[in-house]
Amino acid sequence: MISVIRNLGKWGLGTFERLGRGHIFLYHILTGIPAVLARFGLLVQQMLSVGVLSLLIIVVSGFFVGMVLGLQGYNTLVDFGAEQSLGVVVALSLVRELGPVVASLLFAGRAGSALTAEIGLMKSTEQLSGMEMMAVDPIKRVIAPRFLAGFISLPLLATIFTAVGVIGGYFVGVGLLGVDDGAFWSQMQAKVDFSEDIMNGVIKSIVFGFVVTWIAVFEGYDCVPTSEGVSRATTRTVVHSSLAVLGLDFVLTALMFGNI
Amino acid sequence: MHNSKTVEILVGLFVALGIAALFMLAMKVSNLSTFSGDNGYVIKARFENIGGLKVRSPVTVAGVRVGRISNIDFDNTTYEAVISMNIEGGYNTLPTDTSASIFTAGLLGEQYVALEPGGDEKYLQQGGEVRLTQSAIVLEQVIGQFLYSQAEGGDK
């Protein structure tokens with residue numbers, strides 16, 4: 001009985017300790033950001049591996065998500081004779097929800113796991129301690145550029161996802177199912193508001209970008225420096241950041257659109 | 001590792017693509033291209049019943065959208081709804097005896113305010129009020145009245 005309570009306490013303390021370490025780590029990253037801006041090449045290098053190389057999966061999934069929305073939306077709306085509103089359905093669901101959320105989930109799987117594995121492997125092969133020996137701060141040299149790159153890339157990727165998704169919906173709705181071209185765009189323009197819908201979607205993706213990259217670099221930096229530890233950290237990155245994205249999405253949606 | 005010039009070009013393209021996507025969303029998907037909120041002016045109207053009118057519902061003249069509802073208020077003394085309409089700056093020749101009605105687009109569509117210009121030579125200014133208003137038609141009331149009159153007719 002005592003041991004159960006003791007384990008519970010140990011678990012709680014461990015969780016809070018990790019949480020605290022995560023925030024101190026975040027503080028160190030943020031103070032390291034001016035140093036990154038001074039060495040722009042590091043950031044560009046990371047933008048390539050985090051952002052540009054995620055572009056393919058984002059564009060392809062965005063297109064397919066848009067096409068599926070077009071098909072499903074059409075099948076539902078045609079029962080009410082409201083297939084003219086297909087553009088609104090596709091655009092609003094992509095702009096408000098699917099764009100930021102799906103892009104973040106894909107980003108966590110594609111780039112977040114790679115970040116964790118890379119940093120974790122650097123730690124377990126003692127490259128990070130090596131840097132410290134040479135009086136190079138690994139947080140400034142390794143972590144902060146990756147964090148900033150992810151933070152900048154995800155909003156861009158989410159925006160691209162949304163735009164490609166709308167084009168996918170257009171392709172299916174207008175191209176294949178024969179919704180009127182003018183009604184598709186004009187209804188969309190009448191119902192989608194720039195500051196309320198599109199900017200809120202962008203704000204969501206900025207928040208997700210922050211959280212996902214933070215989790216990814218922290219898990220990598222904090223991992224147990226063995227091969228098993230790295231693999232666990234990579235798994236945790238994907239699981240925790242997906243959960244964080246979905247949970248935060250509900251909170252943000254409630255704040256932005258929920259009238260709560 | 002890639003050559004640093006290629007890296008920079010690829011990243012530059014990526015950022016440009018992201019900005020282009022945002023631009024496309026702004027211009028093609030949202031109403032930013034058609035709606036300019038800066039130089040518009042606000043006019044008010046009082047209704048007994050606004051039905052399902054909402055903030056951001058369209059305001060039209062002759063079926064053309066000229067603005068949006070910017071605010072809906074309730075007057076505590078007259079028990080009327082006071083709506084503020086933000087009319088785009090280009091449409092500044094609405095006469096002062098313009099009338100406003102609340103209509104529904106289609107049978108179940110959203111409600112909007114239709115303005116009917118009068119013949120006065122003075123124009124509505126910022127803060128002006130539309131005096132002639134016609135309330136929303138509430139479908140339940142119409143059906144109720146219809147059933148009632150049917151029942152009355154059946155008695156004879």
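Two residues are in contact if their C-beta atoms, placed from the backbone, lie within 7 Å. The model considered here is predicted.

By that criterion, 21 residues of chain B are in contact with 25 residues of chain A. The side of chain B that touches chain A comprises 13 nonpolar, 6 polar and 2 charged residues.

One helix pair contributes to the meeting of the chains. Two packed helices are described by the angle between their axes and the distance between the axes. Helix α6 of chain A, residues 138-176, packs against helix α1 of chain B, residues 4-29, at an angle of about 50°, and their axes are 8 Å apart. Because of that angle, α6(A) is oblique to α1(B). The crossing of α6(A) and α1(B) is left-handed.

From α6(A), the residues A:Leu156, A:Thr159, A:Ile160, A:Thr162, A:Ala163 and A:Val166 take part in this contact. Their counterparts in α1(B) are B:Phe14, B:Val15, B:Leu17, B:Gly18, B:Ala21, B:Leu22, B:Met24, B:Leu25 and B:Val29. The residues of the contact between α6(A) and α1(B) comprise 12 nonpolar and 3 polar ones, with no charged residue.

Chain B also holds an open sheet of 8 strands, in the order β7-β1-β4-β3-β2-β6-β5-β8, with mixed pairing. At its edges lie β7 (129-130) and β8 (132-134) of chain B, each of which pairs on one side only. Within the sheet, strand β5 of chain B (residues 99-104) runs antiparallel to strand β6 of chain B (residues 111-116), and 6 bridges join the two. In this pairing B:Ala100 stands opposite B:Leu115 of β6(B).

Technical notes:
Residues are numbered from 1 along each chain as its sequence is written. Chains are lettered from A and ligands numbered from 1 in the order in which they are written. This is a predicted model: local features need pLDDT of at least 70, side-chain atom pairs count only at pLDDT 80 or more; totals for chains, interfaces and linings use all residues. Axes are lines fitted to C-alpha atoms, for helices over the stretch in contact, and angles run from 0 to 180 degrees between N-to-C directions. Helices (H or I, at least four residues) and strands (E, at least two) are DSSP runs, numbered from the N terminus. Angles under 35 degrees count as roughly parallel, over 145 as roughly antiparallel, 65 to 115 as roughly perpendicular and the rest as oblique. A crossing is left-handed if the near helix is turned anticlockwise from the far one by less than a right angle, and right-handed if clockwise. Ala, Val, Leu, Ile, Met, Phe, Trp, Tyr, Cys and Pro count as nonpolar, Asp, Glu, Lys and Arg as charged, and the others, Gly among them, as polar. Two strands pair if DSSP finds at least two bridges between them.
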